[in-house]
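The entries follow the order in which I looked things up.

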Amino acid sequence: MSIQVLDRDEQPTPHQPDIERIVRRLRKVFIHTPHVERLMARMERLYTHRCTTEEPEHLVISGESGVGKTRVLQEYCRHKLSVDHPEFREIPVLYVPVMPSCTIKKLSTEVLKAMGSPFWNRGNEQDRTDQVLKLLPVCRVRLIILDEVNHLLDRGRHNTHYAVADSIKQFGDKTGVSLVLAGTPVVEDMPFTNEQLRGRFGEVIRLAPLTLATDTDIEIFVSVLGSFASLLSGLDSVDITSEPLVRSMAFASAGRLRALRRLLVRAVELAGEQSPPALTLQTLERAFSEVIYPYARPERNPFCRKFDGQPLVQPREPYGPFRKR
């Protein structure tokens, strides 16, 4: 098992730490875990699949908020850039973030915007859908990624969900383009809103939070922390890969990369306020109470000696159940 770090930035100096540079690197770094590699490979197979007489292949990607779905999708798209030709724009992979309270008309509008159509706001629902179906082959789109598809299920009743699902099905069926539907675990219900869609989206890949459940899980988690730690070069820091801190990091983030990143960014910023700059256990404790769990009691702060060792999954805690208003 290997972890690859892509920082796309210069190395920090080993002398006086450049706090801004370290923060920038932490925010930009992309970490290849085994789960990410599997997902990247599957999307590449969809991309290279040439649909002729058979139906295009499709995929559902699900995962809790903060596990890194969007960053993985955007990183994949970064390697499939559009190419402007004299008469058209070639878009190998079309990435479309689905907006909240999305309808068929809004979905078609967002697709048209993502393709750069100057007529994205022209016509009614059917006009815009027809425009999408005409432009996809012209722009040589080979893979459509709809991110945050859970927003399509946040509103309306079954009939509405059925109609939206049917519209998505058209994007693939009428153009031969493969589709990726990504979002929170509720996105797995999307194919079941339409019997024809269900037959086309049988494959689901779940991006799960990092855990310490098995030796392999621990190895991956420590490797991820080690990747982050390598970006702290030049800054005096506690060893975040040591056994006690690995457990603290697991509790503090619930295995979500977004939370780990946010925690370390704030910890580095706080470390820079000290003289000399240093990332300590107390720095992590304060960072957690500022950006993960504001006003957390000492017994609910994983970096405090009084921490009770229980997951932060109670109501109104960072990883507790979400209640819709």
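The entries below cover confidence, nonpolar cores, aromatic pairs and charges over rings.

**Entry 1: basis and confidence.** I noted that this is a predicted model, in which local features need pLDDT of at least 70, side-chain atom pairs count only at pLDDT 80 or more, and totals for chains, interfaces and linings use all residues. Residues are numbered from 1 along each chain as its sequence is written, and side-chain values use heavy atoms, with hydrogens and water left out. I read pLDDT as the predictor's confidence in each residue, from 0 to 100. The chain has a mean pLDDT of 88, with 88% of its residues at 70 or more. Confidence is lowest in strand β1 (residues 4-6), at a mean of 58, and highest in α11, at 98. Helices (H or I, at least four residues) and strands (E, at least two) are DSSP runs, numbered from the N terminus.

**Entry 2: nonpolar cores.** I took a core to be a set of buried Ala, Val, Leu, Ile, Met, Phe, Trp, Tyr and Cys residues joined through side-chain atoms within 4.5 Å, where buried means under 20% relative accessible area (1.4 Å probe, protein chains only). The largest core has 42 residues, and Leu26, Phe228 and Phe288 are among those with the most contacts inside it. At least two of its residues come from each of α1 (19-28), α8 (215-230), α9 (243-253), α10 (257-271) and α11 (281-291). The largest share, 10 residues, is supplied by α10. I also found a second, separate core of 31 residues, which includes Val60, Ile91, Leu107 and Phe171.

**Entry 3: aromatic pairs.** I counted rings of Phe, Tyr and Trp (its six-membered ring) as paired if their centres lie within 6.5 Å, with planes under 30 degrees apart stacked, over 60 edge-to-face and the rest tilted. The structure holds 3 such pairs. The ring centres of Phe251 and Phe307 are 5.1 Å apart and the planes meet at 65°, so this pair is edge-to-face. Because Phe251 lies in helix α9 and Phe307 in the segment after α11, the pair ties together parts that are 56 residues apart in sequence. Both Phe251 and Phe307 are buried.

Phe288 and Tyr293 also pair edge-to-face, at 6.3 Å centre to centre and 75° between the planes. Phe288, Tyr293 and Phe303 form one aromatic cluster.

**Entry 4: charges over a ring.** I required NZ of Lys or CZ of Arg within 6 Å of the ring centre and within 35 degrees of the ring normal. Lys80 lies over the face of Tyr47, at 4.1 Å from the ring centre. Arg142 lies over the face of Tyr47, at 4.1 Å from the ring centre.

Definitions and conventions
Buried means under 20% relative accessible area, exposed over 50%, partly exposed in between (1.4 Å probe, protein chains only).
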